[in-house]
Amino acid sequence: EFAQAAAGISVALLAILVAPLCEEWLFRGLFFRGLRRQLRLCPALLLSAAFFALLHPPYAVLPVFVVGLCAGYALEAGRTLWAPIAIHMLYNLVFFFA
């Protein structure tokens, strides 16, 4: 029982806290910002969100694409990764417990 509970808590922490930090640094911090230096906002948003979505399971492609769009826009508006990280954490929290 304890081992199962500990494993569940570990998976939840990875999915809700660690994955958004790492993925947002990679996809928004590096990839989107790199695209943004070369492209206008809309193409950079669409390309980065599409790439982000395609690296997730097929059943999650559409909602993850939307999360990618929102996270990219939040980065563009706020110039910091904290808003995209919060959006991603909230999505993962809802998805994890749904």
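The buried residues of helix α1 are Ala 12, Ile 16, Pro 20, Glu 24, Phe 27, Arg 28, Gly 29, Phe 32 and Leu 35, where buried means under 20% relative accessible area, exposed over 50% and partly exposed in between, with a 1.4 Å probe and protein chains only. The model is predicted, so local features need pLDDT of at least 70 and side-chain atom pairs count only at pLDDT 80 or more, while totals for chains, interfaces and linings use all residues. Residues are numbered from 1 along each chain as its sequence is written, and side-chain values use heavy atoms, with hydrogens and water left out.

The cover over the buried residues of α1 includes α2 (41-54), α3 (61-78) and α4 (82-97); contact here means heavy atoms within 4.5 Å. Helices are DSSP runs of H or I with at least four residues, numbered from the N terminus. Helix α1 also has a kink of about 40° at Ala 19, shortly before Pro 20; the bend is the angle between axes fitted to the seven residues ending at a residue and the seven starting there.

Rings of Phe, Tyr and Trp (its six-membered ring) pair if their centres lie within 6.5 Å, and planes under 30 degrees apart count as stacked, over 60 as edge-to-face and the rest as tilted. There are six aromatic pairs by this rule. One of them, Tyr 91 with Phe 95, is stacked, at 5.9 Å centre to centre and 20° between the planes. Tyr 91 and Phe 95 are separated by about one helical turn because they are four residues apart in helix α4. Phe 27, Phe 31, Phe 51 and Phe 52 form one aromatic cluster.

Notes:
Helices (H or I, at least four residues) and strands (E, at least two) are DSSP runs, numbered from the N terminus.
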